[in-house]
Amino acid sequence: MPYIHFTQEQKDLAARTDLEVFLWSRGEKLLPSGRDKRLSGDHSVTIHGNYWFDHATHEGGNAISFVQRLYHLGYADAVSLLLCNGQVYGTISGHPLPGAATGSRAAPGRTQACGADHRSAKDVA
């Protein structure tokens with residue numbers, strides 16, 4: 001996979017992604033759990049804002065580590081996916097990315113954030 005440069009602003013933006021909104025946009029079902037939400041497919045994982053915690057493994061983190069864990073992605077792919085607000089652009093070896101249109105939990109594979117243009121709004125202006 002080629003190197004993808006993200007600005008600190010882009011990394012911070014991806015890390016602060018609201019996981020409830022992100023998961024809802026991907027078609028995931030969430031269950032209420034007090035002020036948190038739980039994944040319907042894995043009740044041990046709770047989310048609140050941009051943070052997650054797995055009560056079974058005692059692991060947690062921000063939105064980037066959550067996407068890495070849930071979809072088995074590397075850092076650059078997870079950040080790319082979060083920067084596109086849950087939409088996946090790109091292909092794997094010429095094939096459409098699984099889960100892009102259906103919202104399924106299939107690992108999105110190699111992603112290209114919104115046409116692979118990772119420049120911030122400040123860079124473009």
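## Terms and overview

A residue is called buried when its relative accessible area is under 20%, and exposed when that area is over 50%. The structure described here is a predicted model. By the burial cut-off, 38% of the 125 residues of the protein chain are buried.

The secondary structure of the chain amounts to 5 helices and 7 strands. Followed along the sequence, these elements come in the pattern α-α-β-β-β-β-β-α-α-β-β-α. Among contacts in the chain with a separation of 6 or more, 51% join residues 24 or more positions apart.

## Helix α1

The buried residues of α1 are Q10, A14 and A15. These residues lie on the same side of α1, because the arc they cover around the axis is only 135°. The elements against which the buried residues of α1 pack are α3 and α4.

The axes of α1 and α4 come within 9 Å and cross at roughly 75°. An angle of 65 to 115 degrees counts as roughly perpendicular, and α1 and α4 are therefore roughly perpendicular to each other. On the α1 side of the contact are Q10, K11, L13 and A14, which meet Y75, V79, L82 and L83 of α4.

## Helix α3

The buried residues in α3 are A63, I64, F66, V67, L70 and Y71. Their arc around the axis is only 160°, so they are placed on the same side of α3. The elements covering the buried residues of α3 include the helices α1, α2 and α4, together with the strands β2, β3 and β4 (51-54).

One of the buried residues of α3 is V67. Apart from neighbours within four places in sequence, V67 is in contact with F22, H72, L73, A78, L81 and L82.

## The nonpolar core

In soluble globular proteins, nonpolar side chains tend to be buried together. The largest nonpolar core in this model has 24 residues. Those with the most contacts inside the core are F22, L23, I64, F66, V67, Y71 and L82.

Two or more residues of this core come from each of α1 (8-15), α2 (19-25), β3 (42-48), α3 (63-71) and α4 (75-83).

## The sheet

An open sheet is formed by 5 strands in the order β1-β2-β3-β4-β5, with antiparallel pairing. The edge strands are β1 (30-33) and β5 (59-61); each has a single partner strand, so one side of each is left without a neighbour in the sheet. From one strand to the next, the twist averages 25°.

## Two hairpins

β1 and β2 are paired in the antiparallel sense over 4 bridges, and S33 has D36 of β2 as its bridge partner. The hairpin of these two strands has 2 residues between them, and in this hairpin G34 takes a positive phi near 65°.

Strand β2 (residues 36-39) is also joined to β3, here by 3 bridges, and the two run antiparallel. Opposite K37 stands I47 of β3, while L39 stands opposite D42 of β3. β2 and β3 form a hairpin that has 2 residues between the strands.

P32 is in strand β1. With a relative accessible area of 67%, P32 is exposed, because exposed means over 50%. P32 and T46 are 14 residues apart along the chain, and 9.3 Å separates their C-alpha atoms.

## Two histidines with positive phi

Most residues other than glycine have a negative phi. H58 is not a glycine, yet its phi is positive, at about 60°. This residue lies in the loop between β4 and β5. Its relative accessibility is 62%, so H58 counts as exposed.

H72 is a residue other than glycine with a positive phi, near 55°. The loop between α3 and α4 holds H72. At 70% relative accessibility, H72 counts as exposed. H72 is also among the residues in contact with V67.

Definitions and conventions:
Residues numbered from 1 in each chain as written. Predicted model: local features only at pLDDT ≥ 70, side-chain atom pairs only at ≥ 80, totals over all residues. Heavy atoms only, no water. Core = buried A, V, L, I, M, F, W, Y, C linked by side-chain atoms within 4.5 Å. Buried < 20%, exposed > 50% of the residue type's maximum accessible area, 1.4 Å probe, protein only. Contact = heavy atoms within 4.5 Å. Arc of directions from axis to C-beta. Pairing = 2+ DSSP bridges. Axes fitted to C-alpha atoms, helices over the stretch in contact; angles between N-to-C directions. Parallel < 35°, antiparallel > 145°, perpendicular 65-115°, else oblique.
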